[in-house]
Amino acid sequence: MSNRVLGCTGNMMTRAENLKGHAIRNETGEAMGPRIIILLGAPGSGKGTQGALLSARYGVPTVSTGALLREESKKNTPSGFRLRQTLAAGALVDDQVVFEAVAARIRTSSEARDGGLILDGFPRTVAQARMLDRLLASMGMAAPLVLHLDVPREVLRTRLAGRRQCATCGAVYNLRSGRSGRGSRCEIDGGALVERDDDSEGVVERRLAAYEAETLPVLEYYRWPERGGCYRRLDGNRGPAEVTKELCGIVGFLGATGDDSVGDTAVAA
Ligand code: AMP
């Protein structure tokens with residue numbers, strides 16, 4: 001996803017600038033200021049797909065920690081080597097390492113300060129959620145809006161087994177859905193469609209186990225009533241276009257205006 005999600009700033013900068021003054025609003029219409037939107041869900045729940053669609057529609061950039069870490073892991077450095085080992089094992093990367101990468105992006109991104117930012121894959125532990133809270137408070141930013149894509153475990157396994165990614169641009173396809181590329185090639189740039197290393201069967205089980213042990217408590221953390229209802233659960237076990245529609249309903253309701261033409265051909269990753 002890296003290029004598509006993180007690298008699509010050209011067009012989006014303009015849209016993000018358009019969002020200036022379109023502060024996200026709460027249910028009583030009060031301006032909330034720039035806001036972080038967290039897409040929370042297990043591997044295969046469609047966070048990447050939905051993040052890319054929301055970005056395209058609202059001009060708010062998506063930061064995918066998985067994509068960031070995969071890029072870092074390609075480096076021929078000791079930390080690149082350690083990351084490769086962690087990702088290959090399906091384990092979570094150290095909280096502080098991931099937080100620093102996300103925090104750097106939030107601190108330096110004008111879009112984050114002006115319109116907001118979508119986080120895909122962060123936070124994944126309660127410790128990360130607390131670090132994010134402290135950072136946002138120190139920047140005077142509103143608490144994040146947490147959108148949880150809930151998908152049964154069996155469906156996740158099936159989706160992950162069929163997931164393929166363009167080796168060139170990172171576009172995501174699924175062999176089990178209608179959109180599976182042109183044969184084994186990407187519809188966008190003709191790149192080869194490959195399976196992610198960590199989508200192999202054994203690693204998927206470890207990633208799902210890590211989600212249940214480390215990330216389910218994050219849902220509880222955001223569901224605390226004291227947090228003022230920032231948590232919304234969505235049924236992610238539906239066609240991607242339906243999920244997109246509900247997500248856009250929530251984000252649109254909160255004040256950001258989007259491009260209606262985006263999202264009709266969404267695919268669950
Ligand atoms: P994803 O593409 O979101 O499924 O992430 C791929 C892998 O990157 C995960 O299995 C973890 O090893 C690592 N990762 C991504 N985000 C985080 C995070 N917030 N904390 C720790 N590890 C992460």
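A residue counts as buried here if 20 or more other C-beta atoms lie within 10 Å of its own, as exposed if 12 or fewer do, and as partly exposed in between, with C-beta atoms placed from the backbone. The model shown is predicted, so local features need pLDDT of at least 70 and side-chain atom pairs count only at pLDDT 80 or more, while totals for chains, interfaces and linings use all residues. Numbering starts from 1 along each chain as its sequence is written.

**View 1. Helix α6 and its buried side.** Welcome to residues 95-108, which make up helix α6; helices (H or I, at least four residues) and strands (E, at least two) are DSSP runs, numbered from the N terminus. Val98, Phe99, Val102 and Ile106 of α6 are buried. These residues cover an arc of only 95° around the axis, which puts them on the same side of α6; the arc is that of the directions from the helix axis to the C-beta atoms. On the face turned away from the buried side of α6, look for the exposed residues Gln96, Glu100, Ala104, Arg107 and Thr108. The length agrees with expectation, because 14 residues at 1.5 Å a residue should span 20 Å and the end C-alpha atoms of α6 are 20 Å apart. That expected span is 1.5 Å times one less than the number of residues in the helix.

**View 2. The five-stranded parallel sheet.** Follow the order β4-β5-β3-β6-β10 through this open sheet, in which the pairing is parallel; two strands pair if DSSP finds at least two bridges between them. β4 (62-64) and β10 (231-235) stand at the edges with a single partner strand each, so one side of each has no neighbour in the sheet. From one strand to the next, the twist averages 20°, with axes taken as lines fitted to C-alpha atoms (for helices over the stretch in contact) and angles running from 0 to 180 degrees between N-to-C directions. Five bridges join β6 (residues 145-150) to β10 in the parallel sense, and histidine 148 has arginine 233 in β10 as its bridge partner.

**View 3. The three-stranded antiparallel sheet.** Here the open sheet has the order β8-β7-β9, with antiparallel pairing. β8 and β9 are the edge strands, each with a single partner, so one side of each is left without a neighbour in the sheet. Strand β7 (residues 163-166) points Arg163 and Gln165 one way and Arg164 and Cys166 the other, and all are buried. In general, side chains of a regular strand alternate between the two faces of the sheet. β7 pairs with β9 (residues 193-194) over two bridges, and cysteine 166 stands opposite leucine 193.

**View 4. The β7-β8 hairpin and tyrosine 173.** Five residues lie between β7 and β8 in this hairpin, and glycine 170 in the turn has a positive phi of about 85°. Three bridges join β7 to β8 (residues 172-174), with arginine 164 opposite tyrosine 173. Tyrosine 173 counts as buried because it has 21 C-beta neighbours inside 10 Å. Its C-alpha atom is separated by 9.5 Å from that of glutamate 187, 14 residues apart along the chain.

**View 5. The shell around the ligand.** Take a look at the 18 residues surrounding the ligand, the closest being Thr65, Gly66, Leu92, Val93 and Gly121; a residue is near a molecule or strand if its C-beta atom, placed from the backbone, lies within 6 Å of it. The elements giving two or more residues to this shell are α4 (65-73) and α5 (78-89), and α4 provides the largest share, three residues.
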